[in-house]
Amino acid sequence: QRRGLEARVMDALEALAAQPQGSLGGVACVHLIEHLPAARWMKLFEHAARVLRPGGILAVESPNPETLRVGAGLFWVDPTHLRPVHPEAARFVAEAVGLELVEVRKLRPFPPEQQLAAQVNDERWRPIFQQLDAWLSGARDYLLVARKPFSEKAGS
């Protein structure tokens with residue numbers, strides 16, 4: 001507001017519900033869906049699909065529960081987290097509300113010095129430890145990017 005921009009504090013679902021259909025070029029949800037009950041984040045995706053204009057982008061970033069250090073540990077440090085949202089669940093819901101998946105990008109891997117393979121001297125064991133690192137110390141977050149189709153599919 002100090003910079004002359006319109007800014008309001010309000011519920012994300014209420015804000016999207018108040019937008020006209022096809023009125024936005026993009027909706028970004030950064031570390032939000034893991035704080036919402038499943039029915040609410042799914043409704044958020046539904047509202048986003050409605051308010052996006054053709055070609056509009058929904059970008060959703062969330063902790064990556066596929067990485068065990070995140071899903072079984074770090075995720076739960078924040079007491080406001082309700083439950084992890086698996087990237088495949090987010091993809092399924094985005095597609096179910098009519099969006100097209102652009103990509104699911106994995107973000108912020110743990111640094112190499114925190115990985116097991118970096119400490120292995122015997123090359124015969126390295127592939128095993130690299131696989132363990134992928135499961136334990138992979139990406140901390142993921143970014144789902146979905147697009148509203150430019151044209152509605154026949155029969156939709």
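Gln131 lies in helix 5, which covers residues 126-136; helices are DSSP runs of H or I with at least four residues, strands are E runs of at least two, and both are numbered from the N terminus. The model is predicted: local features need pLDDT of at least 70, side-chain atom pairs count only at pLDDT 80 or more, and totals for chains, interfaces and linings use all residues. Residues are numbered from 1 along each chain as its sequence is written, and side-chain values use heavy atoms, with hydrogens and water left out.

**Gln131**
- Gln131 counts as partly exposed because its relative accessibility is 36%, where buried means under 20%, exposed over 50% and partly exposed in between (1.4 Å probe, protein chains only).
- Arg91 is 40 residues from Gln131 in sequence, and their C-alpha atoms are 24 Å apart in space.

**Fold and dimensions**
- The protein chain contains five helices and four strands, in the sequence order α-β-α-β-α-α-β-α-β.
- The radius of gyration of the protein chain is 19 Å, whereas a compact globule of 156 residues would be near 15 Å (taken over C-alpha atoms; the globule rule is 2.2 Å times the number of residues to the power 0.38).
- Along the principal axes, the C-alpha atoms fill a box of roughly 60 × 45 × 30 Å.

**Burial and contacts**
- Of the 156 residues in the protein chain, 33% are buried.
- Among contacts (heavy atoms within 4.5 Å) with a separation of 6 or more, 79% join residues 24 or more positions apart.
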